[in-house]
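I opened a new page for this structure.

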Amino acid sequence: MTFRKYLVLAGITAFSTAGDSLLARGMKELGGVSLHNYSDLLLPVLNPFVAAGILLLLAFFSCYLAALSWADLTYVLPATSLGYVLVALIAHFSFHEEISSTRWLGIALIAAGVSFVAAGPSVTPDRSHRKSRGLAPDTASQEVKS
Amino acid sequence: MKDLSAWAAIGLIVLASTTGDVLLSYSMKRVGDVSELWKRRGILALIAHILTTPTFLLGLMAMGVAFYSLLFGLSWGNLSLVVPASSSLTFVANAIAARIFLHERVGRRRWIAALLVAGGVVLMAV
């Protein structure tokens, strides 16, 4: 259970970081997109970097939904924000976007906040009554099956 | 002007993805632990079950709005501003929304984390 938990959280971080970075690379290639031109809304999808980015974000989304099925939103979301630190590092080292010292401090605060939540419990006790309500249709269908 | 567009996109991303996150979390809690369901009823039944949950589809639509806002935001602003700023502000908005709508117990540990991340976002925007 614990191994699977960290595997899913690692998947969330890795897939969202790689996906966002590919999207950014694709959108930078396309240049400024204008809201006045409706074809611009679909055009980005044809760019290979944007397309690959979308595929990776779909993988991220699957991991995200899996995590949400057994953990609190306020637990999963901060754990995912570890990806922003990675995004900033990739933006700095691959795209040579400049990162000031105050921005580095911001990255450090975000990382600190994330580790603070990730170390705590993934589900708050308050969830128990909602869990039984949520699982009710499944136990019902299982009884029908057997 | 470019900065203003980037921040407008960030605001839209936060609003749409908070709505989406709350709806998705609510739906997945109702669906239940996915690995249990996968083992018991197979992956196709699991996917069908998730895709026929109305609140899930609403959440997906909200996420679609957030996704297109992100695409435009990325073409107007820097990756290292738009992605961390919108996502971290979403985190704070979600802590409030999860407490109100999902009745999650947001304890001291999670509020301190919310403040740390919010502080980090302010510093990144300077």
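I started with terms. A residue is buried if 20 or more other C-beta atoms lie within 10 Å of its own, exposed if 12 or fewer, and partly exposed in between, with C-beta atoms placed from the backbone. A nonpolar core is a set of buried Ala, Val, Leu, Ile, Met, Phe, Trp, Tyr and Cys residues joined through C-beta atoms within 7 Å.

I noted what I am looking at. The model is predicted, so local features need pLDDT of at least 70 and side-chain atom pairs count only at pLDDT 80 or more, while totals for chains, interfaces and linings use all residues. Residues are numbered from 1 along each chain as its sequence is written, and chains are lettered from A and ligands numbered from 1 in the order in which they are written.

**Core.** I looked up the largest nonpolar core, and it has 72 residues. Which residues touch the most other members? They are A67(A), L68(A) and V82(B). Helix α1 (residues 2–31) of chain B supplies the largest share of this core, 12 residues. Helices here are DSSP runs (H or I, at least four residues), and strands are too (E, at least two), numbered from the N terminus.

I then followed L68(A). Contact means that the C-beta atoms of two residues, placed from the backbone, lie within 7 Å. Beyond its neighbours within four places in sequence, L68(A) is in contact with L73(A), V76(A), L24(B), S25(B) and M28(B).

**Chain B.** I counted 6 helices and 0 strands in chain B. Of its 126 residues, 52% count as buried.

I checked one helix pair. Helix α2 (residues 34–41) and helix α3 (residues 43–51) of chain B pack at an angle of about 130°, with their axes 7 Å apart. Axes are lines fitted to C-alpha atoms, for helices over the stretch in contact, and angles run from 0 to 180 degrees between N-to-C directions. Therefore α2(B) and α3(B) are oblique to each other. Angles under 35 degrees count as roughly parallel, over 145 as roughly antiparallel, 65 to 115 as roughly perpendicular and the rest as oblique. V34(B), L37(B), W38(B) and R41(B) of α2(B) meet I43(B), A45(B) and L46(B) of α3(B).

**Chain A.** The axes of α1(A) and α2(A) come within 7 Å and cross at roughly 155°. That makes α1(A) roughly antiparallel to α2(A).

**Both chains.** I found 46 residues of chain A in contact with 43 residues of chain B. Which helix gives the most to the side of chain A that touches chain B? It is α5(A), with 11 residues.
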